[in-house]
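Hi there,

Here is the structure I promised to pass on.

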Amino acid sequence: MLQEFISLLTGVFTNQKQFEEISQQGLELPFAKHVNTVCNDKIKNLPDNFQGVFMIEESYYTQKGHTNVSPHLFLFTQEKDTIVLTSYEIPQGYTKQNFTYETVDTMDYKELKKSEKFTPAIYHYKEGVWEGGSVSMFTPVLKFTLFERFSKEQLEVSETIEVNGKRTFGFDVPIIYKRIL
């Protein structure tokens, strides 16, 4: 089950089709690209019989000629009939600008730190689609909400940030990614 889930996420994805359709309507949505790569091979000192899958997610959002880079290190584990996504801090020595699968040499499992702010996301399989997410309070007034749906056809990602109950980031529609590699 975990390997099937990971196979849906691994690869290079963009929202090119959705971006073009939204732009033609005169609405704004960033051009978005995700590069998702399993990286267990770059982590030393994994426990014997380690069942989880670490993934580096490189996210690029381009809007009004400016690109924001947002890399993440995620651990996916299977717990009964669900998949759990746990976020980890970018390892020491790396920044948002240089944390990519290609630039990472080796990470030490013993030094990896779970994100204390991110509530693990839980995904359930329903009618051919994995869906789930989480709500995290990054500060007492800053709320991050994640909801995702993954299928063979596409990845749908909705992320919003609210400060004191007012949305400061996010879009009215999910970003819809299609695999390009």
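Predicted model: local features only at pLDDT ≥ 70, side-chain atom pairs only at ≥ 80, totals over all residues.

Let me start with the largest pocket, which has a volume of about 1100 Å³. It is lined by 40 residues, and those closest to its centre are S70, P71, H72, F144 and E159. Several strands give two or more residues to this lining: strand 2 (31–38), strand 4 (53–63), strand 5 (66–79), strand 6 (82–88), strand 10 (142–150) and strand 11 (155–163). Strand 5 contributes the most, with nine residues. Sorted by class, the lining of the largest pocket comprises 22 nonpolar, 12 polar and six charged residues.

The second largest pocket has a volume of about 180 Å³. Its lining is made up of E89, I90, P91, Q92, Y94, T106, M107, D108, E111, L112 and K113. Five of these residues are nonpolar, two are polar and four are charged.

The largest cavity contains about 40 Å³ of space. Around the largest cavity you will find L8 and F13, the run S151, K152, E153, Q154 and L155, and also K178 and R179. Here the classes come out as three nonpolar, two polar and four charged residues.

If you open the model, you could begin with S70, P71 and H72, which are among the residues closest to the centre of the largest pocket.

Best wishes

Key. Residues numbered from 1 in each chain as written. Heavy atoms only, no water. 1 Å grid on protein atoms, 1.4 Å probe; cavity = no way out; pocket = protein on both sides within 12 Å on 5 of 7 lines; lining within 4 Å. Points joined across faces, edges and corners; volume = space filled by probe spheres on them. Helix = DSSP H or I, 4+ residues; strand = E, 2+ residues; numbered from the N terminus. Nonpolar A, V, L, I, M, F, W, Y, C, P; charged D, E, K, R; others polar.
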